[in-house]
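Have a go at each task before reading its solution.

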Amino acid sequence: MPDKFSYPRPLVDERNDPAGTDGKALSVLPFAHFVATRTLPLLASPGLHSAAMPLIEELLPLLAASIAPDGSMSASAEVRYGQYLSILSDSVLSATGCDDKDVPLKPAVMTLLSLSVRLLHQLPAGAAAKVAPKGLLDVLARALTDAAVMHRYPNLHRVALPLLETARPDVSAVLRDVEAAGEATEAANAAAEIASKLSDGLPVPSDCASTVKQ
């Protein structure tokens with residue numbers, strides 16, 4: 001039984017056109033675009049997220065039909081995605097502010113950022129810098145360099161970082177350095193702990209011992 005967010009199949013005259021499409025593939029893009037441009041603005045109100053997000057979840061794969069199988073993107077598709085991301089950007093900026101303060105760790109804000117990242121992830125490589133509003137990329141960059149966000153939402157960091165490689169190379173370079181420094185710190189701490197155990201005559205796991213030798 002369809003739920004309240006499902007849409008019914010179109011009614012057709014099966015006597016003249018059993019498929020209802022004149023033998024041609026039926027494009028869902030006009031319908032998906034129409035619904036998206038009227039549903040995404042609802043996310044500006046956190047109280048409407050629970051009602052709007054299930055429908056948006058259904059729309060995401062339909063919107064992705066704008067991207068050609070070879071990964072290319074038409075000018076009209078760029079315009080459509082620009083509209084979606086501009087709507088989200090307005091909501092994000094309203095919720096977070098345009099200054100350099102930390103990104104609020106509110107569920108509503110993270111829902112907006114996560115949805116923005118999912119839409120950006122549908123774009124061909126390098127298209128984010130061309131399609132996404134600067135304000136949205138700035139907030140996303142602030143979120144990815146926020147230690148609290150990185151700790152609470154590691155998946156957002158993992159998925160969004162590649163998107164910023166071309167859109168915000170300055171931020172991605174900083175994050176790569178931070179990640180490398182973190183790994184080096186962890187390795188140093190592990191080596192120090194192993195050295196302490198060795199000096200105390202305590203057994204050391206074989207995999208840790210191999211790490212020390214390297």
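**Exercise 1. Find the partner of aspartate 138 in a salt bridge, and describe how the two residues are placed.**

Solution. Step one is the pairing: aspartate 138 forms a salt bridge with lysine 134, and their closest N and O atoms are 2.7 Å apart. A salt bridge here is a side-chain nitrogen of Lys or Arg within 4 Å of a carboxyl oxygen of Asp or Glu.

Step two is the spacing. Because aspartate 138 and lysine 134 are four residues apart in helix H6, about one helical turn separates them. Helices (H or I, at least four residues) and strands (E, at least two) are DSSP runs, numbered from the N terminus.

Step three is exposure, with buried meaning under 20% relative accessible area, exposed over 50%, and partly exposed in between (1.4 Å probe, protein chains only). Aspartate 138 is partly exposed at 24% relative accessibility, while lysine 134 is exposed at 62%.

A word on the model: it is predicted, with local features needing pLDDT of at least 70 and side-chain atom pairs counting only at pLDDT 80 or more, whereas totals for chains, interfaces and linings use all residues. Residues are numbered from 1 along each chain as its sequence is written, and side-chain values use heavy atoms, leaving out hydrogens and water.

**Exercise 2. How many salt bridges does the structure hold, and which parts of the chain does the pair of arginine 118 and glutamate 57 link?**

Solution. Start with the total, which is three. In one of them, the side chains of arginine 118 and glutamate 57 meet at 2.7 Å, N to O. This pair links distant parts of the chain: arginine 118 sits in helix H4 (residues 107–122) and glutamate 57 in helix H2, 61 residues apart.

Next, look at glutamate 78 and lysine 130, whose side chains meet in a salt bridge of 3.4 Å, N to O. Here too distant parts of the chain are linked, with glutamate 78 in helix H3 and lysine 130 in helix H5 (residues 128–131), 52 residues apart. Glutamate 78 is partly exposed at 22% relative accessible area; lysine 130 is exposed at 62%.

**Exercise 3. At what angle do helix H3 and helix H6 pack, and which residues make the contact?**

Solution. First the geometry: H3 (residues 75–96) and H6 (residues 134–144) pack at about 50°, with axes 8 Å apart. Axes are lines fitted to C-alpha atoms, for helices over the stretch in contact, and angles run from 0 to 180 degrees between N-to-C directions. The angle therefore makes H3 oblique to H6. As for the classes, angles under 35 degrees count as roughly parallel, over 145 as roughly antiparallel, 65 to 115 as roughly perpendicular and the rest as oblique.

Then the residues, where contact means heavy atoms within 4.5 Å. H3 contributes Leu85, Ser89, Val92, Leu93 and Thr96, and H6 contributes Gly135, Leu136, Val139 and Arg142. By class, the contact of H3 with H6 has five nonpolar, three polar and one charged. In this scheme Ala, Val, Leu, Ile, Met, Phe, Trp, Tyr, Cys and Pro are nonpolar, Asp, Glu, Lys and Arg are charged, and the others, Gly among them, are polar.

**Exercise 4. How do H3 and H4 cross, and which residues meet there?**

Solution. The axes of H3 and H4 come within 10 Å and cross at roughly 155°, so H3 is roughly antiparallel to H4. On the H3 side, the residues that meet H4 include Tyr81, Tyr84, Leu85 and Leu88; among those in H4 are Val109, Leu112, Leu113 and Leu115. The contact of H3 with H4 has 12 nonpolar, four polar and no charged residues.

**Exercise 5. Is alanine 77 buried or exposed, and how far is alanine 77 from leucine 63 in space?**

Solution. Begin with its place, which is helix H3. At 0% relative accessibility, alanine 77 counts as buried. Alanine 77 and leucine 63 are 9.3 Å apart, C-alpha to C-alpha, and 14 residues apart in sequence. For the chain as a whole, buried residues make up 34% of the 214 residues.
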